[in-house]
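Below are some notes on the backbone and on one helix of this model. Please read them alongside the coordinates.

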Amino acid sequence: MLTPLHDTDGTPFWEYAAQGELRVQTCAQCAEPRFPPRPCCPNCQSFASTWRLTSGRGRIWSYVIPHPPLLPDYAAQAPYNVVLVELDDAPRVRLVGNVVARPGAPLNSLAPERLRIGARVQAVFPDGGLPQWVLT
């Protein structure tokens, strides 16, 4: 399993995720959500930001089934999916992850043919931090 890289700007994302919350960095001046987290708003150049709670709901914007696995440590789990999820309440924010059959299930727990562009998903946090997605 990949472990998140914590940096100054992204640490709050992982702290909230460890609590089971999907929050998005949002400009405190113009209210523009942004991901990945960064110090300056690309819209208005303000350095002020907040972390807005989202519903964790979204839709699959794109996906791939890597063959062969891109990372050798994941070979035993192939085939697995890698999805790009567009959030309902922050549509310009797209998060990379995996859709699994149930929270905490292995990456290969969902048959690839069940995935569709536009499929509805919900964020889940089975291991205290790394978000996964389940079909709704």
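1. Basis. This is a predicted model, in which local features need pLDDT of at least 70, side-chain atom pairs count only at pLDDT 80 or more, and totals for chains, interfaces and linings use all residues. Residues are numbered from 1 along each chain as its sequence is written, and side-chain values use heavy atoms, with hydrogens and water left out.

2. Helix H1. Helices (H or I, at least four residues) and strands (E, at least two) are DSSP runs numbered from the N terminus. After H1 comes Gly 20, with a positive phi near 80 degrees.

3. Cis peptide bonds. Most peptide bonds are trans. The bond from Phe 35 to Pro 36 is cis, with omega near 5 degrees; Pro 36 sits in the loop between strand S2 (33-34) and S3. Ala 78 and Pro 79 are also joined by a cis bond, with omega about -5 degrees, and Pro 79 is in the loop between strand S4 (57-64) and strand S5 (82-87).

4. Ala 31, in the loop between S1 and S2, has a positive phi of about 70 degrees. Gln 45, in the loop between S2 and S3, has a positive phi near 70 degrees.
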